[in-house]
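Biologist: I would like to learn how to read a model like this one. Could we go through it together?

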Amino acid sequence: MAHATTRPASRGLTARPGLDGTTLKLIALGLMLLDHIHYFFEFTGAVPEWFSMLARLSAPLFLFCTVEGFAHTHDRRRYFLRMTAIGAPMGALTFFMMYGGFLRRPDGFYPLNGIFLNFMVLCVIWQGIDWLRARRLLAGSLAVLLPLAWPFLASLLSIRFPVLATPLGLLASSLLPAWNLITDGGLFYILGGVLLYLLRGRRALQLGVWAAWTFVTSFGLPYLTLRGSEGFALSQMFTTYYEWFGVFAVVLMALYNGRRGAGYKRLFYWFYPTHIYLLYAASWAVWVWLNR
């Protein structure tokens with residue numbers, strides 16, 4: 001991963017109107033916490049659905065902030081390795097929970113959270129985009145295309161060599177994430193991140209294209225899929241299939257003032273896995289208590 005030449009850190013003396021990167025991430029973090037409280041404790045019936053409805057803004061905001069973070073970091077290798085240090089172990093643990101029944105809650109539930117796997121894939125693609133812009137055509141093409149082709153290659157290898165199926169599955173769920181195995185994000189989210197990066201510097205166009213992409217993939221496609229289903233009503237797109245609410249994150253993105261803010265780098269990296277597994281452990285304890 002290449003080093004980036006960046007502008008000076010944004011802690012200047014003159015404040016710009018709008019929201020800095022740290023503020024956006026704090027908003028995203030708070031919304032994410034609401035979402036995961038609902039996710040882990042939904043079985044109790046005590047957590048309102050609007051926790052998750054509001055939280056649809058969280059993943060888009062983290063994506064936008066990661067685009068900015070990657071573009072401005074002084075060391076892209078280290079940036080990518082930090083993503084990997086969190087994403088790969090979480091992905092491996094999810095793999096063993098999913099296929100080995102490891103550490104599943106007694107009702108069979110286990111967390112599918114793995115947003116950092118998306119960012120690992122995107123860091124490679126974004127670097128490839130910059131290499132292509134610098135006319136490093138071979139390196140750039142490989143960096144863009146290989147992450148997109150990897151799921152198909154892994155599948156072909158698994159079919160050709162069945163003994164490799166499990167090791168390849170683990171690899172594609174952790175160190176070399178395949179977009180088709182990412183349970184928290186996936187292809188449309190990754191392609192949305194590509195659009196955000198390609199259109200950086202043209203804010204109105206960037207956010208307009210991203211909002212249209214999000215609405216089409218999170219509202220349009222699900223609606224077309226569900227509209228023929230028995231009992232389905234359009235109102236359910238506002239009460240049950242509300243993933244598309246994330247499109248409203250564009251309002252907060254538009255308020256971004258281009259400044260980093262206070263940072264709190266360690267908080268944002270380590271809060272994610274820490275709160276996931278603490279909430280999971282707490283939900284396990286509550287489940288046991290309710291079913292004693």
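**Reading the fold and one arginine**

Modeller: Gladly! The chain has 12 helices and zero strands; helices (H or I, at least four residues) and strands (E, at least two) are DSSP runs, numbered from the N terminus. This is a predicted model, where local features need pLDDT of at least 70 and side-chain atom pairs count only at pLDDT 80 or more, while totals for chains, interfaces and linings use all residues. Residues are numbered from 1 along each chain as its sequence is written, and side-chain values use heavy atoms, without hydrogens and water.

Biologist: Where does Arg105 lie?

Modeller: Arg105 sits in the loop between α4 (76-100) and α5 (115-133).

Biologist: Is Arg105 buried or exposed?

Modeller: Buried means under 20% relative accessible area, exposed over 50%, partly exposed in between (1.4 Å probe, protein chains only). Arg105 has 4% relative accessibility, so it counts as buried. Buried residues make up 45% of the 292 residues in the chain.

Biologist: With which side chain does Arg105 make a polar contact?

Modeller: A polar contact is a pair of N or O atoms within 3.5 Å; within protein, one must be able to donate a hydrogen and the other to accept it, and residues adjacent in sequence count only if both atoms are side-chain atoms. The Arg105 side chain makes one with the side chain of Asp107 (2.9 Å). A polar atom of the Arg105 side chain also lies 3.2 Å from the backbone oxygen of Phe40.

Biologist: Which residues is Arg105 in contact with, leaving aside neighbours within four places in sequence?

Modeller: Contact means heavy atoms within 4.5 Å. For Arg105, these residues are Phe40, Phe43, Tyr280, Ser283, Trp284 and Trp287.
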